[in-house]
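Me: I'm new to this one, so could you walk me through it slowly?
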Amino acid sequence: NLAVRYRTGGFARPGHDRPMVRAVDDVSFALHAGETLGVVGESGCGKSTLARAILRLEPIAGGSIRLDGREMASAQGAEIAWLRARTAMIFQDPYNALNPRMSVGETLGEVVRVHRKAASLENRTRVLDLMALVGLGPELVDRKPRSLSGGQCQRVGIARALALEPELVIADECVAALDVSIQGQIINLLIDLKAKMRLALIFIAHDLTVVRRLCDRVAVMYLGRIVEIGSTEEIFTRPKHPYTRALIRAIPEMDPNRPLFQELLPGEPPSPIRTPAGCAFHPRCPEVMQICRDGPPPILSTAEDRNVACHRFPGAGVP
Ligand code: SF4
Ligand code: MG
């Protein structure tokens, strides 16, 4: 039931507070060691905010985040440090995520040194091990980001994320800025690493083809909520929620008659500022019923491996 809310920018009407945005609204899921959860949805649906909230980089408005059974939603000081040592993030833009003045060796060495207090010799060995882990040769150790390719920069970003052997890694659109061929290499690397390291990985993406290759389960978000969750196989072959169905049908394939997403889902793109009443998806839903305007469908709970929040599937959402 994690919630993140913030006030919108701009001016409030006299006598009124600025409206609250429910960026993440009653979101629940469980993630196990070695498992990769894809989080998909259009931009603005709350994917990145959810990721940042889990790492305590956003103010939490309600709910719970438990890592190894320890409550992190209200964690302070030393507990936040405990969380930081066990989690890491891989960012979208591999160039900007790195310090341009630091070499690969310095970037990775710093993380190892700060957290492990390792002597410089061990530090050097560890840096080269990390580089090897992500497929970077030792000859690149003194290179600065500007003399690396986008793919190499992202490998450095991944090595940095893995430096402390985290239990949970969150990758937010980490291949979106890369060329398609490089994307494939980075995805192969992640597939390799998740098996090797038993990482729990949250992979945020809008490209469903990539999600299908990498993820064990998929959560579909719409306006701050998870509207459907299930195994990758289930979501791709038997999507239930009308929004998920539109996302899947719009995946680029060799089919020249493939409908565009905009054709499948005409109407306003969602705005979290004025969330529609009832089911938030109802103004765009091709299968809308009266009940959808009257009240929201059930919220999905943590316990479910497979579920959908939609009035078309009564009984769904009940733990
Ligand atoms: Fe569509 Fe109704 Fe289901 Fe919402 S609850 S997705 S409006 S059918
Ligand atoms: Mg984002």
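Reply: Strands (E, at least two residues) and helices (H or I, at least four) are DSSP runs numbered from the N terminus, and two strands pair if DSSP finds at least two bridges between them. This is a predicted model, where local features need pLDDT of at least 70, side-chain atom pairs count only at pLDDT 80 or more, and totals for chains, interfaces and linings use all residues. Residues are numbered from 1 along each chain as written, with chains lettered from A and ligands numbered from 1 in written order.
Me: Which residue in β8 is the bridge partner of L37?
Reply: That partner is I202, and β3 (residues 36-40) pairs with β8 (residues 200-204) in the parallel sense over four bridges.
Me: What order do the strands take in the open sheet?
Reply: The seven strands run β6-β7-β8-β3-β9-β10-β11 with mixed pairing, and the edge strands, β6 (87-90) and β11 (307-308), each pair on one side only.
Me: New topic: which residues have the most contacts inside the largest nonpolar core?
Reply: They are A159, F203, V211, V220, Y222 and V227, in a core of 79 residues; such a core joins buried Ala, Val, Leu, Ile, Met, Phe, Trp, Tyr and Cys residues through C-beta atoms within 7 Å, buried meaning that 20 or more other C-beta atoms, placed from the backbone, lie within 10 Å of a residue's own.
Me: And which helix gives the most to this core?
Reply: Helix α5 (residues 150-162) does, with six residues.
Me: Which residues come nearest to ligand 1?
Reply: Of the 14 residues around ligand 1 (C-beta, placed from the backbone, within 6 Å), C279, H282, C285, C292 and C310 come nearest.

Note on methods. A residue is buried if 20 or more other C-beta atoms lie within 10 Å of its own, exposed if 12 or fewer, and partly exposed in between; C-beta atoms are placed from the backbone.
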